[in-house]
Amino acid sequence: MSTSLNAAATSLEKETERHQHDPQALMALLDEMRDLRRSAESRHSEELQQFVYTISHDFREPLRMISSYSQLLNFHYGKQLEGDGKEFMGYILEAAVRMERFLSDLVNYSQYLRPSDATLTAVDPEGVLQGILLSLDKRIQAGHAEITYNKLPHVQFDFASLSQIFQQLISNALVFHSAEPPRIHISTTQDEHVTTFSFRDNGLGIEPRYHTQIFDPFRRLHGREYPGTGLGLTVCKRIVERRGGKIWVESELGRGSTIRFTVPN
């Protein structure tokens, strides 16, 4: 916390003691503290976002050079390469693609670090789902995946963010599948406070010790054998928490997974 924030916090603490028997004054002080915290969070997130954009821009230029000239070398001299030479060229091209994906995901993640200013509206999750299924149709057909769902109630959300969550959770289930074709079922439960979405699959499953770690930035349980940067679920967590909900996984290794997240009503 900066010196100015420390001073402000100390001042507010003294004011709280002075007005401890005045409920209205205490509520006003509480609102002031919340505004101070939001302002600090917004400023810090903007600084971090600007840093990420700068790093991404500066990295992308040499990365494009590496990727472009590697492709040219492969195009003109690929037929002359044998054994280790082909393998090494493949590593270079693969690394360039991974790095580009990493930078894109990092910029995307940085956008969710700042407090949300999106307008909440009544969103139809079934409409969101149909759009995601259409965009993933080739992967669904290629993997002989089956995706089913119960009736999904409207929720107060923003369409783009809910779409990102659906896209990530379904994509993960399509990637981390077992020997059987992917089977994904989406359902909801409701009470007076929240709507809980559940995405159940028949995939590889996750050991209990990793249940919280999979939502940490850059956390990848399966190494390079599967694509991804380890930021997808982190973004989902950030979106859900900004909306006031929570997200978690229920799973056992080899028994599939169910990821649930809540949306306040």
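Which residues of strand β6 (residues 247-251) lie on its covered face, and which on its uncovered one? In this predicted model, Ile247, Val249 and Ser251 make up the covered face of β6, whereas Trp248 and Glu250 make up the uncovered one. In general, the side chains of a regular strand alternate between the two faces of the sheet.

The pairing of the strands can be set out as follows.

| Strand pair | Sense | Bridges | Residues facing each other |
|---|---|---|---|
| β6 and β7 | antiparallel | five | Glu250 and Thr258 |
| β4 and β5 | antiparallel | seven | Ser187 and Ser198 |
| β5 and β7 | antiparallel | seven | Phe197 and Phe261 |

Strand β6 and strand β7 (residues 257-264) form a hairpin with five residues between them, and Gly254 in the turn has a positive phi of about 80 degrees. Strand β4 (residues 183-190) likewise forms a hairpin with β5, with three residues between the two strands. Strand β5 (residues 194-201) has six of its eight residues buried, so it is largely enclosed by the rest of the structure.

Turning to the helices, the axes of α4 (residues 125-135) and α6 (residues 159-175) come within 9 Å and cross at roughly 50 degrees, and the two helices are therefore oblique to each other. The crossing in which α4 passes α6 is right-handed. On the α4 side the contact is made by Pro125, Val128, Leu129, Ile132, Leu133 and Ser135, while α6 contributes Phe159, Leu162, Ser163, Phe166, Gln167 and Ile170. Among the residues of this contact, nine are nonpolar and three are polar, with no charged residue present.

Methods:
Residues numbered from 1 in each chain as written. Predicted model: local features only at pLDDT ≥ 70, side-chain atom pairs only at ≥ 80, totals over all residues. Heavy atoms only, no water. Axes fitted to C-alpha atoms, helices over the stretch in contact; angles between N-to-C directions. Helix = DSSP H or I, 4+ residues; strand = E, 2+ residues; numbered from the N terminus. Parallel < 35°, antiparallel > 145°, perpendicular 65-115°, else oblique. Left-handed = near helix turned anticlockwise from the far one by under 90°. Contact = heavy atoms within 4.5 Å. Nonpolar A, V, L, I, M, F, W, Y, C, P; charged D, E, K, R; others polar. Buried < 20%, exposed > 50% of the residue type's maximum accessible area, 1.4 Å probe, protein only. Pairing = 2+ DSSP bridges.
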